[in-house]
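Reader: I have the coordinates open. Can you walk me through the helix packing, the sheets and the core?

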Amino acid sequence: MATADATSNHTRLIRELLEERDIDVRIVVERKNRSDSNTIPIEKWNGEAQVSILQHSIGSEVAQSVIRRNAPIVLNYHNITPASYFQVWQPDLAKSVQRGRQQLSQLAPLTRRGIADSEFNAKELRGLGIDDVVVAPVLWQLGSSAPPTDRDDGPVDENGGTVLFVGRLAPNKCQHDLVAAFAVLSRFRPQSRLVLVGDASPPQYLQSLKSLARRLEVIDRVVFAGKVSDKNLLQWYQLSDALACASEHEGFGVPLVEAMANGLPVVAYDAAAVGETLGDSGIVLSDKRPGTMAMALHRVLGDQHLRTNLRHRGIESAQRFDISVTREQMWVALKDLLEAED
């Protein structure tokens, strides 16, 4: 359980949802976070539960314990990034995601119901032979309330503009493609900047991004913001002019929703669940070569009418993922199983 982590936040919000209905909830974790007293380390879990909901996105001792016990579960699946993205950069992480995929095959026969946060993920569960699969998006809430949508919708300086990315700096998220695209964009907008918000995983990838930015002579206008607080993240959404995503593997994409909710136009590569999450509210590209992505960003930054249109469509589309909507979807996905145990 971590902070600024979509799956951890999702788990906490499920706990809140169920506790509001007088259901006793215990969160079993591989590594206990001292700041979260309502968690149980795996070595102290006796396996007793009326309903066990397993959050699965990487190999874990919690999943292995379920497999050893041959225990029936509700499998809440958040997708597993292919190991090939990490093999060169971080072999230990590659082994962990490989283990997670192996565990997924072993978990399938134990699954009473699969809950997938996108249709993209649901297809994978069905392919494993799980017949009862429900799509219920990630429970998402940035900070203590919904993000504000009152942003300055005026024109962007013709030589400038701030392009934002939010998420882990990781090979599958392909920030190297964003740096390359930004170098092209800089020829048209010499005062623009690229802001990358998020922890580096693995750290070596961050160093490669900085080296690339130096070689392309844009290092002075690429901001490596690192991990930020919810307050600062909201500020970045408000201060930016477009969000760009070149990721090749997203099981859902919470930052896409956050950007839309904040009225920030999105330019994204159409991979995995990205197109499904955005719907028709962003610029979705089938080609992410630097020139293609740069020209799409240049158009969004320079066309106030288009930006306004994307802003309104994004705000409307993000309502699909409002906590009031997704909580109800999650409750519907779990209700009959929990009531059957009463």
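Author: A definition to begin with: a crossing is left-handed if the near helix is turned anticlockwise from the far one by less than a right angle, and right-handed if clockwise. This is a predicted model, where local features need pLDDT of at least 70, side-chain atom pairs count only at pLDDT 80 or more, and totals for chains, interfaces and linings use all residues. Residues are numbered from 1 along each chain as its sequence is written, and side-chain values use heavy atoms, with hydrogens and water left out.

Reader: Fine. Which hand is the crossing of H5 and H10?

Author: Right-handed. Helices here are DSSP runs of H or I with at least four residues, strands are runs of E with at least two, and both are numbered from the N terminus.

Reader: At what angle do the axes of H5 and H10 cross?

Author: The axes of H5 and helix H10 (residues 290-302) cross at roughly 55° and come within 8 Å. Axes are lines fitted to C-alpha atoms, for helices over the stretch in contact, and angles run from 0 to 180 degrees between N-to-C directions. Angles under 35 degrees count as roughly parallel, over 145 as roughly antiparallel, 65 to 115 as roughly perpendicular and the rest as oblique. H5 and H10 are therefore oblique to each other.

Reader: Which residues in H5 meet H10?

Author: Leu178, Ala180, Ala181, Val184, Leu185 and Phe188. Their partners in H10 include Met293, Leu297 and Leu301. Contact means heavy atoms within 4.5 Å.

Reader: And H6, what does H5 do there?

Author: The axes of H5 and helix H6 (residues 203-215) come within 10 Å and cross at roughly 15°. That makes H5 roughly parallel to H6. This crossing is right-handed. Gln175, His176 and Val179 in H5 meet Tyr205, Leu209, Leu212 and Ala213 in H6.

Reader: Sheets next. What is the strand order in the six-stranded one?

Author: S9-S8-S7-S10-S11-S12, an open sheet with parallel pairing. Two strands pair if DSSP finds at least two bridges between them. Strand S9 (222-226) and strand S12 (283-285) are the edges, each pairing on one side only. Neighbouring strands are turned by 20° against each other on average, direction ignored. H5 packs on this sheet, touching S7, strand S8 (193-197), S9 and S10, and its direction makes about 165° with that of S8.

Reader: How many bridges join S7 to S10?

Author: Two, between strand S7 (residues 162-166) and strand S10 (residues 242-245), which run parallel. Val163 has Ala242 in S10 as its bridge partner.

Reader: What about the four-stranded sheet?

Author: That open sheet has the order S3-S4-S5-S6, with parallel pairing. Its edge strands are S3 (53-56) and S6 (133-135). Four bridges join S3 to strand S4 (residues 73-77), and Leu54 stands opposite Leu75 in S4. S3 has Leu54 and His56 on a covered face, with Ile53 and Gln55 on an uncovered one.

Reader: Last topic, the core. Which members of the largest nonpolar core touch the most others?

Author: Leu164 and Leu243, out of 59 residues. Such a core is a set of buried Ala, Val, Leu, Ile, Met, Phe, Trp, Tyr and Cys residues joined through side-chain atoms within 4.5 Å. Buried means under 20% relative accessible area, exposed over 50%, partly exposed in between (1.4 Å probe, protein chains only). Helix H5 (residues 175-188) gives the largest share of this core, seven residues. A second, separate core of 29 residues includes Ile80, Leu93, Leu104 and Leu107.
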